[in-house]
Amino acid sequence: MSRQVVGKEIDVKVNRRTFIKGCTMAAAAMGLSEAMVPRMVEAAASDQRPPVVWLHFQECTGCTETLLRATHPDVARLILDIISVDYLETIMAAAGHQAEELLQETINKYNGKFICVVEGAIPTKDGGIYCMIGGRTAMDILADVSSKAAAVIAIGACATFGGIQKAKPNPTGAVGVMDLVKDKPVVNISGCPPNPISFLGTVLHFLTFNRLPRTDQLGRPLFAYGRKIHDQCERRAHFDEGRFAEQFGDEGHKQGYCLYKVGCKGPGTFANCPAVRFNDVGVWPVGVGHGCIGCTEPDFWDTMTPFYERLPGIDLPFAGGAVAGAHSAGLKILGVTAAAVGIHAAVGIGKKIIGKGNKEQD
Ligand code: FSX
Ligand code: SF4
Ligand code: F3S
C-alpha cells in the first residue's frame, strides 16, 4: 500500500502486517473488540477513503510533527497510507499560488466528501488580520473550506480550544475551531501536542463506521478523553497512601512518588496518556517524573498555571491511608468537562484488547 501525497510519491509503503498491527493498536485505544480489526483494515485500505485537507493557522506545527516524526515510523506511515492527504502545507510539493490553486481545486472536486483537519488557533481580532495566508484571513479560509467538508477534525490545543494564543491577554482574539464552525460536526483531538493514536483512532472510526466517534460536551472522543489521568496513573497508589515528591530531586521524587505537590494536574485532566503513552516506547510525562500540565483541557495556560504549584481544591489523603475527595478533583476544577464524560475501560497499546466492543461507537 502506498500513497501519492499531493503530487509527490512518498515512501509510505506499509506491509499488511504493519497495517493490521496499526489498526489493532487503534482498535485497542478505542476499546473496540479485536473482531472489528478486519473491518477497520478493509475500510482503511479502500480506495473510497475520503481525501484530507489539512489547514495550518496559529500554531507551532508540533501536531503534524508528532504525527509524522514518531519514534516508531509505522504510525506515521500508517497515517499517510490511510488518509489521502491532498493538501498539507508541511509536506506538499506545491507552494505559493500553486498551493492556493490546489486548495481550491481539492475542495471543489471533493465538495461534501473530504475531511478538513485544522491545526492551530484562529485569530478574530481586527477582522482576523493576525493570520493571513495567500492574502486571506484564517477565518475566511476556515469558513470556505469547512463549509465544503464532510467533517472537521481540530487537532491540538490550539485548534480545539485556542491554545497558548488564547492565553490571557489573548492579543489576537484567538479562538478554537468550534467557536467558528457551527454547521458541521467538529471533533476535538486536544493536547499540546495530542497523541497520534487518538487522531488515528478517530480517522479509522470515521472510515469504518462512516461517522465520527462519540464525544464529550467539549467535542473530544470519549475513547481517548473519557477518563481522568489521575484515575489511570501508575503513581496513584502513592497518592492514596500519602506518599509525595515534595520537590524535584528529593527522595520521594527518586522513589517515583506522586507528583501532585510539585504541580501535577492529573486530577483535573481528561486524557488517555497513562494508557496509550507516546512514541511507542511507553513514556508519558508523569512516567518520566514530570507532572501533567493539563494540556488536553480548555484554556490550560490560564487554568492550570502556575504549572509547578498544587492544583487547588484537592483533598489530600490522610497520612498513611484514606483518601478524601480525590475523585471529585476534576469536578471542582473543570465542572463542564467532568459532567460531559463517561466511564470507559482502560486500554493498553500492545496489550490484550479488553471488552467485547463498544456499544456507544458500533
Ligand atoms: Fe498547538 Fe499544534 Fe501545542 Fe504546537 O501545531 S497544540 S502549540 S504543541 O503543535 O497547534
Ligand atoms: Fe499521578 Fe499526578 Fe494523580 Fe499523582 S496527582 S497520582 S502523579 S496523576
Ligand atoms: Fe498533556 Fe498531561 Fe498527557 S500534560 S500529554 S495531558 S499527561
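This is a predicted model: local features need pLDDT of at least 70, side-chain atom pairs count only at pLDDT 80 or more; totals for chains, interfaces and linings use all residues.

Residues are numbered from 1 along each chain as its sequence is written, chains are lettered from A and ligands numbered from 1 in the order in which they are written, and side-chain values use heavy atoms, with hydrogens and water left out.

**Stop 1: strand β9**

Select residues 151-155, which form strand β9. Helices (H or I, at least four residues) and strands (E, at least two) are DSSP runs, numbered from the N terminus. Is this strand buried or exposed? Of its 5 residues, 5 are buried; buried means under 20% relative accessible area, exposed over 50%, and partly exposed in between (1.4 Å probe, protein chains only). In a regular strand, side chains alternate between the two faces of the sheet. On one side of β9 are Ala151, Ile153 and Ile155, on the other Val152 and Ala154, and all of these are buried.

Two strands pair if DSSP finds at least two bridges between them. Strand β5 (residues 115-119) runs parallel to β9 and is joined to it by 5 bridges; here Cys116 stands opposite Val152. Strand β11 (residues 186-189) also pairs with β9 in the parallel sense, over 4 bridges, and Val187 in β11 is the bridge partner of Ile153.

**Stop 2**

**Stop 3: salt bridges**

The whole structure contains 10 salt bridges, each defined as a side-chain nitrogen of Lys or Arg within 4 Å of a carboxyl oxygen of Asp or Glu. Select Lys166 and Asp299, whose closest N and O atoms are 3.2 Å apart in a salt bridge. Lys166 lies in the loop between α7 (156-161) and β10 (174-175), and Asp299 in the loop between α12 (273-276) and α13 (300-303), so the pair ties together parts that are 133 residues apart in sequence. Lys166 is partly exposed because its relative accessibility is 26%.

Next, select Arg220 and Asp216, a salt bridge with its closest N and O atoms 3.0 Å apart. Both Arg220 and Asp216 are buried. Then move to Arg236 and Asp231, where the corresponding separation is 2.9 Å. Arg236 is buried, at 12% relative accessible area, whereas Asp231 is partly exposed, at 31%. Elsewhere, salt bridges that share partners join Arg136, Asp140, Asp144 and Lys148 into one network.

**Stop 4: the surface**

Finally, select Glu105 in helix α5 (residues 96-109). Glu105 counts as exposed because its relative accessibility is 55%. The C-alpha atoms of Glu105 and Asp86 are separated by 10.0 Å, the two residues being 19 apart along the chain.
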